[in-house]
Amino acid sequence: MTKFEESDNSVVVVIGSGAGGGVVANELAQAGVKVVCLEAGGRLTFSDIVNDERVMDDRMTWRDRRIGEGVLNPRFPAWMCKTVGGTTMYWTGTSVRLQAHEFAPKTTYGLPGASAIDWPLTRDELDPYYALAESKMGVSGTNGLPPLPMNNNMKVLAAGGRALGYKHVTSTGIAINSAPYDGRPQCQQIGFCKSGCVIGAKWSTLYTEIPKAEETGRFELRPNSMALAIETDAAGRASAVIYADAQGAVHRQRARAVCVAGNAIETPRLLLNSATPQHPDGLANGSGHVGRNYVKHVVIGALGFMPGEVHFYRGAQQGGHIADEQRHDETRGFAGGYQIESAAFSPLAVARIAFSGAWGDELADALKDYTRLAATFITGEDPAQARNGVRLHPEEKDDYGLPAPVVSYEDHANAAPMRAHAERQAHALFEAVGATRVVPFRVNMATHNLGTCRMSADPRDGVCDAFGRAHDVDNLYISDGSAFPSSGSANPTLTIVALAIRQAAHIRERMAKGEL
Amino acid sequence: MRFMDRRKVLLSAAAAAGIASLAGCARTQTHAGERRDGLTSLLQILFPQPDVDPSVYDDVARKTRDTLNARADWPSLQAEGAAALDKAAGGNWLLADRSQRIRAAEQASETAFFRTIYQTALVEFYSDPRVWAALGYPGASAQNGGYLHNGFDDIDWLPEASP
């Protein structure tokens, strides 16, 4: 295994090993750049990945002290993973390109009360990188891969959707192998795979980018390494990353450039924790936007109690989606759109999420129909708001001794009419194929955490440019979903990967020019 | 016998009875499978899932106790909460019938005591493979090769054929 000295200032330090960090690290290593990847979590092996959500939650969930405000759980405001592979170990695989208008939320929606800005790049500019991302990830319906075969749950959703007149019903756009691809096997329709595919048929950087980077001999992964601060030199450039290892010993890795991909809470938190007399409000925070404009998705779920057996636990947990409501159409009473996905829920998830707080006959009667349940998970555009975000608690500390993050989130006024519309459509969809009962439920927590270090054309409006380069720090990059100016309606991973590939190409160009 | 002593205490000591029952391990069983252990009988009210053997409730109660006893705030939560539950059940939860217990649980349902038990026990109960079996969920399929060749798309009642 390749090892680099902590004093080696020719390495790029990548913080995080998920969709952003794992990809940018591998892209750089493949191109001949030396990379040290610091990952706060441990590294699981295949024998640690089991087909049981509760066990995997215990193994992967980020449980460091956090404080939630607004509609968030006060002790557990957001769900992400602390493990090699990051949140690519906890995702459904849905990989859909954002739509052209979703790159221009300010121009398109013009919503009052939103702090929206347009992305400093267009769908056309990102398309070549989307294509590369789909190729690397093995997205169904691309690169010769067929659509993922539809399981029972998706067939219910598809039939109901078509009955409503929906035209864009598909099981393409999923980074789960519909045929053997890239040395990984075909999906065996095992089920409950969101929390880790036990055979590696679903793309995750733990299975793909990390081992590929290691094969180059130019990449060193340091698991159980929690970044504490980024140091800058007299010229204001990032020069080193301070981190704690599993034993709590503090290290200082010198760096040629730093890519931060800690997810939308840890990325701004690290910049805020890197405040110095030169950067009193945190690193790269001249705009004041570090930790602001936190967007997730407007999310609802719905259970359909169907007239026949569905056994929705069989097969890919998220096995297809409907795009028709993703359009922007103000006649529906809200801005932006939403995506309708099939989804399966474990008995515990049905009890805990769909019937939150219920007990007695209400709960037991619902669960006894478990094999007849079909379900959907709906994600919609979440307008950026300046008040939603991440800041440091003035007193509370986590186990590393760092100020704990306070994560604050309230709905924008656009959310309620969107939710109401989505609930009506979910009712109509399941009822069109015979549902005897439809139970919509609200989800305040998703694994989609975005926007807290957004990219902007004008340095006053955001933290980084269209390549993720910090406006204020020449060799510091934002490499994860924190850089999104808006959520769009689709799952963010594909866009994170596309941006990371594009960023790595940009870094290589700058290195070739002698700028980095 | 310790068991009988415990039971005697439970049935005779007025307000203290139900409190002790929720913390302790005393247990009797009626012919209907209804548990007389305080926590177990509360779980039977919370999760009255058909076709689940009463022994599952005993096991979930044990795991729940183990988790709650490790919490520093549990003794005080429990003392207060169990007394209120006893009172709402007409003086003694263990002597109350099912409908009285449901009413008492409804009254207590917003208390920290109730929510703590509920949230802890819910996870244990609906993660138990014996409960899954009663619901028709067979558990992990990976060791059987998944459902690709075993019914993942076998739905036959939909009004419209899928492509």
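**Exercise 1. Work out how H5(B) and H7(B) are oriented to each other.**

Solution. 
- Step 1: This is a predicted model, in which local features need pLDDT of at least 70, side-chain atom pairs count only at pLDDT 80 or more, and totals for chains, interfaces and linings use all residues. Residues are numbered from 1 along each chain as its sequence is written, while chains are lettered from A and ligands numbered from 1 in the order in which they are written.
- Step 2: Identify the elements. Helices (H or I, at least four residues) and strands (E, at least two) are DSSP runs, numbered from the N terminus. H5(B) covers residues 74-88.
- Step 3: Take the geometry. The two helices pack at an angle of about 110 degrees, and their axes are 8 Å apart. Axes are lines fitted to C-alpha atoms, for helices over the stretch in contact; angles run from 0 to 180 degrees between N-to-C directions.
- Step 4: Classify. Angles under 35 degrees count as roughly parallel, over 145 as roughly antiparallel, 65 to 115 as roughly perpendicular and the rest as oblique. H5(B) and H7(B) are therefore roughly perpendicular to each other.
- Step 5: List the residues. Leu77(B), Gln78(B), Glu80(B) and Gly81(B) of H5(B) meet Ala112(B), Phe113(B), Phe114(B) and Thr116(B) of H7(B). Contact requires C-beta atoms, placed from the backbone, to lie within 7 Å.
- Step 6: Sort them by class. The contact of H5(B) with H7(B) has four nonpolar, three polar and one charged residues. Ala, Val, Leu, Ile, Met, Phe, Trp, Tyr, Cys and Pro count as nonpolar, Asp, Glu, Lys and Arg as charged, and the others, Gly among them, as polar.

**Exercise 2. Describe the packing of H3(B) with H7(B).**

Solution. 
- Step 1: The axes come within 11 Å and cross at roughly 75 degrees.
- Step 2: H3(B) and H7(B) are therefore roughly perpendicular to each other.
- Step 3: From H3(B), the residues are Leu42(B), Leu43(B) and Leu46(B). They meet Ile117(B), Tyr118(B), Ala121(B) and Phe125(B) in H7(B).
- Step 4: This contact of H3(B) with H7(B) has seven nonpolar, no polar and no charged residues.

**Exercise 3. Summarise chain B, then the side of it that touches chain A.**

Solution. 
- Step 1: Chain B has eight helices and zero strands.
- Step 2: Of its 163 residues, 36% count as buried. A residue is buried if 20 or more other C-beta atoms lie within 10 Å of its own, exposed if 12 or fewer, and partly exposed in between; the C-beta atoms are placed from the backbone.
- Step 3: Take the contacts in chain B with a separation of 6 or more. Residues 24 or more positions apart account for 53% of them.
- Step 4: Turn to the contact between the chains. It takes 34 residues from chain B and 38 residues from chain A.
- Step 5: H3 (38-46), H7 (112-126) and H8 (129-135) of chain B each supply at least two residues of the side touching chain A. H7(B) gives the most, with four residues.
- Step 6: That side of chain B divides into 23 nonpolar, eight polar and three charged residues.

**Exercise 4. Is Asp399(A) buried or exposed?**

Solution. 
- Step 1: Asp399(A) sits in the loop between E14 and E15 of chain A.
- Step 2: Asp399(A) has 12 C-beta neighbours inside 10 Å, so it counts as exposed.
- Step 3: Arg65(A) is 334 residues away along the chain, yet its C-alpha atom is separated from that of Asp399(A) by 7.7 Å.

Definitions and conventions. Contact = placed C-beta atoms within 7 Å.
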